[in-house]
Amino acid sequence: MDEKAGPRVRGINRGKYYRRFFVFFILIVAICMGASFIPVNRISLVHKPAPLPTAMNPNFLMQVNNCFIPVAAVYGYTLRITDGFRSIADQTRMYYQGRTINGHIVTEAPPGHSLHNYGYAVDVVDRYRGYNIDWAKLVKIAAYCSLESGGVGDLPHFEERAGLTTDQFVLGMRPPLLTLPCTVMAGRTASSSPLTLKDLNACGAPKF
Ligand SMILES: [Zn+2]
């Protein structure tokens, strides 16, 4: 009984297998035909990454110039930007300095892997005291302005990544627009009148 039933069962299974394969094949053909009717520009729009910039991001720079630098000034720091936007060519030159080009290593970020390349980073120094300043305090002030520090290995570096990884920047993703934490800030910069501790208190800013 078993010897006769065995091959018959296998035959039925093989038939089912071919039918399933045929249905699957028809399905794939139908999907491919459907996809060919989607306009090409619609596909490219969905996957189009943000183009590489050629200057600082204006919204990030506004946050630096109207919040970070003025608030730091309230606390006695005269910050000067030493480096902002870097093109891929600039970053390439910097990255190979100390590696294949003579000089000291100045960056660990390969071309396209620094937020300077996307206009979302600045390096700062105190005009009078140089780098001998309270960086921990500046990190707190930066955080109030929605900026992040480069960390222990890169204290003068401040950037805005809003939770994005560097790879996401490479893929074309960008942070959302920031707004100033204190509405008087833009007016103070526009009228060249310095931001004051009184302004910050009125805005409910924390003590730094
Ligand atoms: Zn930097």
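1. Helices (H or I, at least four residues) and strands (E, at least two) are DSSP runs, numbered from the N terminus. With that in hand, look at the loop between helix H7 (184-190) and helix H8 (197-202), where you will find serine 192. This serine 192 has a positive phi of about 55°, although it is not a glycine. Serine 192 is also exposed, because 6 other C-beta atoms lie within 10 Å. Here a residue is buried if 20 or more other C-beta atoms lie within 10 Å of its own, exposed if 12 or fewer, and partly exposed in between, with C-beta atoms placed from the backbone.

2. A word on what you are looking at: this is a predicted model, in which local features need pLDDT of at least 70 and side-chain atom pairs count only at pLDDT 80 or more, while totals for chains, interfaces and linings use all residues. Residues are numbered from 1 along each chain as its sequence is written.

3. Now the overall picture. The protein chain holds eight helices and four strands, and along the sequence they follow the pattern α-α-α-β-α-β-α-β-β-α-α-α. The chain has 208 residues, of which 22% count as buried. Take the contacts between residues at least 6 apart in sequence: 66% of them join residues at least 24 apart. Two residues are in contact if their C-beta atoms, placed from the backbone, lie within 7 Å.

4. How do H3 and H5 cross? The axes of helix H3 (residues 58-74) and helix H5 (residues 135-144) come within 9 Å and cross at roughly 140°. That makes H3 oblique to H5. Angles under 35 degrees count as roughly parallel, over 145 as roughly antiparallel, 65 to 115 as roughly perpendicular and the rest as oblique. The axes are lines fitted to C-alpha atoms, for helices over the stretch in contact, and angles run from 0 to 180 degrees between N-to-C directions.

5. Which residues meet there? On the H3 side they are Phe68, Val71 and Ala72, and on the H5 side Leu138, Ile141, Ala142 and Tyr144. By class, this contact of H3 with H5 has seven nonpolar, no polar and no charged residues.

6. Stay with H5 for a moment. Its buried residues are Leu138, Ile141 and Ala142. Seen down the axis of H5, these fall within an arc of 100°, so they line one face of the helix. The arc is that of the directions from the helix axis to the C-beta atoms. A handy rule to remember: an α-helix has 3.6 residues a turn, so residues three or four places apart point the same way. The cover over the buried residues of H5 includes H3, strand E3 (148-149) and strand E4 (157-159).

7. Valine 139 also sits in helix H5. Valine 139 counts as partly exposed because it has 17 C-beta neighbours inside 10 Å.

8. After H5 comes serine 146, in the loop between H5 and E3. Serine 146 is partly exposed, with 17 other C-beta atoms within 10 Å.

9. Leaving aside neighbours within four places in sequence, isoleucine 88 is in contact with Leu52, Pro111, Gly112 and Asn117. The C-alpha atoms of isoleucine 88 and asparagine 117 are separated by 6.2 Å, although these residues are 29 apart along the chain.

Conventions. Ala, Val, Leu, Ile, Met, Phe, Trp, Tyr, Cys and Pro count as nonpolar, Asp, Glu, Lys and Arg as charged, and the others, Gly among them, as polar.
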